[in-house]
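Visitor: I have a model open and would like to go through a few of its features. Could you take my questions one at a time?

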Amino acid sequence: MALGSTAAFAAAGTALALFALGYALHPLWRARPVLGAGLGVGLALATLALYLGLGAPRALQPEQRRAPQTLADAVTQLETELDRDPNQIEGWRLLASAYTAQGLAVKARDAYARALKLAPDNPDLLAEAAEARALATRERRFDEDAVRMLEHALEQQPMHQRARWFLGIAQRQADRPGDAAKTWEPLLSVVQAGTATSLLDQINGARKDAGLEPLSLPAAGAVATAQGAAAPAAGPGLKVRVELAPALKAKLPAQASVFVLARQDGGPPMPLAVEKHPLSAFPLEVVLDDGDGPMPTMKLSQSPKVQVLARVSASGNAMPQPGDLASAPKTVASDSKDTVVVVIDRVVE
């Protein structure tokens, strides 16, 4: 067997082993997030080491065979390799992912930009790069460049779920609720039934702000349910108790909705799970789980830590508005067995 074929075979075998390891680690990640996170970093390190050892052009040179011992070491080696040969799309993409894992949002944004120069029409890469641009801003906003990326991704793949979801968020941030609703509505026919319900709340909030009539779930969703398309297992969920500060009782709107949500700790503002309830006597107790996720690509159970918060909205709109009543976010483990208590004690400015 030729040396190049041996390397390719080893790379394929190692990649398959890494995939199997990641699949096997998923229950551990949920049961013990600290240990799971550590092993996740180890998996990321192994992936980078695989690329450096077999995927980079100089892999077979003896001086390049030293495996990195830490994620930082792997990042340094990959930076050096990309300085030498910057025309490696997956190298830049891996580097961007590693920067994200290290909390280096600006560097991740710039690495994705380098990858995009090499593959400007890749819809997955365009969506990842747009998200990275939003994460690199203090307000977590999609700027004009990010919006162009998302629009281009949908030109290449019109039903790219992640790009369509992010574009709708960007349009809401730009005070274009009608456009956001139009962007999200096609997703109702392709997402699971449990996800469609949460997504419909987001769409109808946008339609209301745009002066449009609310929608009901499309017939396609009903057909999919009738054919046995079930939502993914939700798991035990995160128990949340919402309380109201006594000083705000007089400020409760006559007609309002209560939103209880969880979002990625330190991540984008879009929720991993959200429930909408009519205003009733406090305290309110809910269980957030994967079935409450607006998008199937973003799961509560996949984030070791989440921020839980609640908001009273007079408009019934999922997007925060001045005058809403809100709680401070509380950071917890997504698999916590304890009830998370959040207190609505402030007015949104």
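Visitor: At roughly what angle do the axes of helix α8 and helix α9 cross?

Guide: The model is a predicted one. Helix α8 covers residues 161-173 and helix α9 covers residues 177-184. Their axes come within 8 Å, and the crossing angle is roughly 170°.

Visitor: Is α8 roughly parallel or antiparallel to α9?

Guide: Angles over 145 degrees count as roughly antiparallel. The axes cross at roughly 170°, so α8 and α9 are roughly antiparallel.

Visitor: How many charged residues are in the contact of α8 with α9?

Guide: On the α8 side the residues are R164, W165, L167, G168, I169, Q171 and R172, and they meet P177, D179, A180, K182, T183 and W184 in α9. Sorted by class, six are nonpolar and three are polar, and the number of charged residues is four.

Visitor: How far apart are the end C-alpha atoms of helix α4?

Guide: Helix α4 has 13 residues, 89-101. At 1.5 Å a residue they should span 18 Å. The model agrees with that, because the end C-alpha atoms are 19 Å apart.

Visitor: Which residue with a positive phi follows α4?

Guide: Within α4, the buried residues include W92, L95 and Y99. After the helix comes a residue with phi near 80°, and that residue is G103.

Visitor: What is the relative accessible area of V341?

Guide: V341 lies in strand β8, residues 340-347. Beyond four places in sequence, V341 touches R241, E243 and K330. V341 is partly exposed, a class between 20% and 50%, because its relative accessible area is 28%.

Notes
Residues numbered from 1 in each chain as written. Predicted model: local features only at pLDDT ≥ 70, side-chain atom pairs only at ≥ 80, totals over all residues. Heavy atoms only, no water. Axes fitted to C-alpha atoms, helices over the stretch in contact; angles between N-to-C directions. Helix = DSSP H or I, 4+ residues; strand = E, 2+ residues; numbered from the N terminus. Parallel < 35°, antiparallel > 145°, perpendicular 65-115°, else oblique. Contact = heavy atoms within 4.5 Å. Nonpolar A, V, L, I, M, F, W, Y, C, P; charged D, E, K, R; others polar. Expected span 1.5 Å × (residues − 1). Buried < 20%, exposed > 50% of the residue type's maximum accessible area, 1.4 Å probe, protein only.
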